[in-house]
Amino acid sequence: MRALAPPQFTFTDVLNTCVGSISCQTLTQNINAINLQLTTAVQDFDTKSATADLFQIPPFIGNNDAVVTGQVTKAELKGLYTLHMVPTKKPARQYYDQIMMQAPLRICPFCGFGQVTTLDHYLPKAKFPLLSIFPKNLVPSCADCNKGKSAGIATSKNEQCLHPYFDQGHFINDQWLFAEVIHTTPATIRYFVQAPNYWSTSDQARVNSHFDDFKLAKRFSIQAGDEISNLRGELDIDFQINQQTGVEQALLKKHAGASLQHTNSWKTAMYQALAASNWYCSGGFK
Ligand SMILES: [Zn+2]
């Protein structure tokens, strides 16, 4: 997981720009009439995100034609996003693009390796239509993370995956992602979560939820498999020069480089595990 700075523009900026591009006068009036409800929903999100209690926001249970509030349906609220913020020719697209660009090198903050191609609604717009264009509910994401998480919603604090705008500090700086080397040919890597025991139980549970929701065990293992096949030639040379010690030193250097960048990345955990594996360094890499 990677931390991101939250968007700097306001909900009102986005709302006014989206509403400004609606051609139907009745819909414009209907949306303007629910301004208070929209503002209240956004304030509630702000309050609850500060204490990681977003799961307490009740979902809207109703189909697309159902009225959410005032005279505005769920489809119309979702349309603010899909018809007025996503299309490239709409003025509110500038906000969509700005949020996408918040992710350094366009790398997905949820998995830390996928390429950002979309915005993820942290609280899905199908269940939280009032938040469909709220900037802090929109996170740049890769397609796999966006798809992986869309199915369910958290019903307790423990089930909430990490939010890159709010879950920073110890979630980023303390190590919770680890790996072990499986003695196969070629070697494979198994990833697991081990949060520090001085963390609160809900924070410990949340990193596990994050890891499971985005299917990171499998996806990280595939990334590692590719890296391991690339390593072989290089480690052969290190082994010829200084046997097991040469391999260990090369891997420790790679671990130091990766860990300086990100404490919890598939690469950091992988190099840590490889460097510590007697089996791998003494010839398992071949
Ligand atoms: Zn991702």
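Helices (H or I, at least four residues) and strands (E, at least two) are DSSP runs, numbered from the N terminus. This is a predicted model, in which local features need pLDDT of at least 70, side-chain atom pairs count only at pLDDT 80 or more, and totals for chains, interfaces and linings use all residues. Residues are numbered from 1 along each chain as its sequence is written, and side-chain values use heavy atoms, with hydrogens and water left out.

**Figure 1. The whole protein and its two domains, domain 1 (11-151) and domain 2 (170-284).** The domain bounds come from an automatic or database domain assignment. The protein has 11 helices and 6 strands. Its C-alpha trace spans about 75 × 40 × 30 Å along the principal axes. The centres of domain 1 and domain 2, taken over C-alpha atoms, are separated by 36 Å. Contact means heavy atoms within 4.5 Å; by this rule, 10 residues of domain 1 are in contact with 10 residues of domain 2. Of the contacts in the protein with a separation of 6 or more, 67% are between residues 24 or more positions apart. A residue is called buried under 20% relative accessible area, exposed over 50%, and partly exposed in between (1.4 Å probe, protein chains only). Of the 286 residues, 48% count as buried.

**Figure 2. The largest nonpolar core, with 83 residues.** A nonpolar core is a set of buried Ala, Val, Leu, Ile, Met, Phe, Trp, Tyr and Cys residues joined through side-chain atoms within 4.5 Å. Met85, Tyr191, Leu251, Met270, Leu274 and Tyr280 have the most contacts inside this core. Helix α9 (residues 216-261) gives the most to the core, with 10 residues. Domain 1 and domain 2 both give residues to the core, so it lies between them. Apart from its neighbours within four places in sequence, Tyr280 is in contact with Val181, Ala187, Ile228, Leu231, Leu235, Leu251, Leu274 and Phe285.

Figure 3. An α-helix has 3.6 residues a turn, so residues three or four places apart point the same way.

**Figure 4. The packing of α2 and α3.** Two packed helices are described by the angle between their axes and the distance between the axes. Here the angle is about 50°, and the axes are 5 Å apart. That makes α2 oblique to α3. Axes are lines fitted to C-alpha atoms, for helices over the stretch in contact, and angles run from 0 to 180 degrees between N-to-C directions. Angles under 35 degrees count as roughly parallel, over 145 as roughly antiparallel, 65 to 115 as roughly perpendicular and the rest as oblique. Ile31, Asn32 and Ala33 in α2 meet Asn35, Gln37 and Leu38 in α3.

**Figure 5. Leu130, in the loop between β3 (118-121) and β4 (138-141).** Neighbours within four places in sequence aside, Leu130 is in contact with Gln37, Leu38, Ala41, Val68, Thr69 and Leu77. Leu130 and His163 are 33 residues apart in sequence, and their C-alpha atoms are 19 Å apart in space.

**Figure 6. Lys267, in helix α10 (residues 266-276).** Lys267 counts as partly exposed, at 34% relative accessibility. Leaving aside neighbours within four places in sequence, it is in contact with Glu227 and Ala258. Lys267 and Asp97 are 170 residues apart along the chain, and 29 Å separate their C-alpha atoms.

Figure 7. Most residues other than glycine have a negative phi, and most peptide bonds are trans. A cis peptide bond, with omega about -5°, joins Thr185 and Pro186. Arg106 counts as partly exposed, at 35% relative accessibility. At 48% relative accessibility, Lys215 counts as partly exposed.
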